[in-house]
Structures are given as C-alpha cells and as structure tokens.
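Here is a quick tour of a protein chain, written for someone who likes to check things in the viewer. Have a look at the sequence and the model below, then read on.

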Amino acid sequence: MSAALPPFPKPEETVGEPELLQLGPAEDEPCLRADAARNRARLLDAAARLIAEHGAAAVTMEAVATAANVGKGTVFRRFGDRTGLLTALLDHSEKKFQAAFLSGPPPLGPGAPPAERLRAFGSAMLRRAVDELDLQLAAEPGPERRHMVVVRRLHHGHLVLLLRQAVPDGDAELLAHTLMGYLNPVLVHHLIRQCEQPPERLEAGWSDLVDRITRT
C-alpha cells in the first residue's frame, strides 16, 4: 500500500515538553486528612516490607492489611486494587524520573540534541527497570490497559516529541511505540533473568537502536 497511514488522534499530541504527572490518583496529595495520610503511609510501608522480605508476589491486599494491622477494606478503599497499591509504591521513583527528563540537566533533560536525549532516556529507564524489576512486573497492567496508563502515555509522548525533532520525516508515533516496547519490564525480565544478559548489553542495544532510527 502506498497511501500514508492516518495520523494518531490529536489529543495525544504534545506541544513542547509534557508536564509532570503523578502515578497515583490526585487524592494522594498532601490535602489528605492527617489520619488518612498516616494510614496510607503505614500501608505503603507494610507493602514495602513485604516486598523486601518475600518479593512482590507476596504483596496481596490481605497480606498488607495484616502487616499494617488494619482491615482489608481499608486497603481496598485506599488503593482500589493490588495494581493501584503497587503503582503507589512506584510513585516516588516515577516522579523523580519525570523531573529528570522534563527539567533536569542534559542529556536526559532539556539542552542536549534529541538523539542524545533519546539515548539517555532509554538508559535511565532500563536502569530503573533493573532496580525495580519485581515491583514493575507486579504492577504491569493487563493488555487492555497497558497503553492507556497516563504515565505510560507521558513517556510515549516524550519520545514522540524527541523523534519529531530527530527524525522529521518519520512516523514518530509508531516509532515511539517501538522504542517503548524495548523498555517494557516484561522484556527486560526475559533478557535479564531468563536469558542472563548483562544490563550493559541492553543499554548498548538501546543506543544502537536509537542511532539507527535517527541515522546517527
């Protein structure tokens, strides 16, 4: 087929740098009542202890409630479901990562050429995935939600922005999805844990992929 593919929906397009987004729901901000904030912190501490001692698979709503000495209903009201709880645990590192690529120093932040920022973005994502692999896998949404998660759309939008600058004649939206696939924690788990590949090989492969796409 020689006809060009239609563009992706306009609402997903980003003008300039995307804004910092949070991983959890808006109500998780400091406007919480003091007792609710304490309960939330206690639940997250309990979940973090379970992961440290037994791995992410041990984090169930019932186990967290028991470890925090609260009713199971409290955990469900606070986080909705297990994915919501695990997502909240990832919130802190996600905010730090967003701040780094949106407004931090180059090459991850603004000020470096787009190809350099793409290389830095992927390397940072891969290092974070290795450090938080069990937690990221446990929080991975199902296929019907995977590409609609707000934070994942932010990451995709950031790659689209850089690709439009680096490869003006390319299909930035589809190329960004391709790059996001390389950074998926499921693939990272397969390569690191099952294939026993060193993280350095993944980072080198990412840089090679970016160089080929951007023709550098």
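Which residue forms a salt bridge with Arg119? The partner is Asp211, and the closest N and O atoms of the pair are 2.5 Å apart. More on that pair below.

## What you're looking at

This is a predicted model, where local features need pLDDT of at least 70, side-chain atom pairs count only at pLDDT 80 or more, and totals for chains, interfaces and linings use all residues. Residues are numbered from 1 along each chain as its sequence is written, and side-chain values use heavy atoms, with hydrogens and water left out.

The chain has ten helices and zero strands; both are DSSP runs numbered from the N terminus, helices being H or I with at least four residues and strands E with at least two. Of its 216 residues, 41% count as buried. Here buried means under 20% relative accessible area, exposed over 50%, and partly exposed in between, with a 1.4 Å probe and protein chains only. Accessible surface comes to about 11,800 Å², with 57% of it belonging to carbon and sulfur atoms; the areas come from the Shrake-Rupley method with a 1.4 Å probe, and for residues only the protein chains shown count as cover.

## The cores

A nonpolar core is a set of buried Ala, Val, Leu, Ile, Met, Phe, Trp, Tyr and Cys residues joined through side-chain atoms within 4.5 Å. The largest one has 29 residues, and Phe101, Leu118, Phe121, Leu159, Leu163, Leu179 and Val188 touch the most other members. Two or more residues each come from α4, α5, α7 (150–166), α8 (172–182), α9 and α10, with α5 giving the largest share, seven residues. Apart from this core lies another, of 20 residues, among them Ala46, Ala47, Val59 and Ala139.

Leaving out residues up to four places away in sequence, Phe121 has contacts (heavy atoms within 4.5 Å) that include Phe97, Phe101, His155 and Leu159.

## Helix α7

Twelve of the 17 residues in α7 are buried, so this helix is mostly covered. Among the buried ones are His155, His156, Gly157 and His158, and the cover includes α4, α5, α8 and α10. From first C-alpha to last, α7 reaches 24 Å, close to the 24 Å expected at 1.5 Å a residue; the expected span is 1.5 Å times one less than the number of residues.

## Salt bridges

With a salt bridge taken as a side-chain nitrogen of Lys or Arg within 4 Å of a carboxyl oxygen of Asp or Glu, the count comes to eleven. Back to the opening pair: Asp211 in α10 and Arg119 in α5 are 92 residues apart. Asp211 is partly exposed at 23% relative accessibility, and Arg119 is partly exposed at 22%.

Arg128 and Glu132 meet at 3.2 Å, N to O, and both are buried. Together with Glu94 they are linked in a network of salt bridges. Asp169 and Arg215, by contrast, are exposed, with their closest N and O atoms 3.8 Å apart.

A cis peptide bond joins Pro106 and Pro107, with omega about 10 degrees. Pro107 sits in the loop between α4 (82–103) and α5 (114–131).

Asn69 is not a glycine, yet has a positive phi of about 60 degrees; it belongs to the loop between α2 (61–68) and α3 (72–79). Glu196, also not a glycine, has a positive phi of about 55 degrees, and is found in the loop between α9 (185–194) and α10 (199–214). Asn69 is exposed at 70% relative accessibility, and Glu196 is exposed at 66%.
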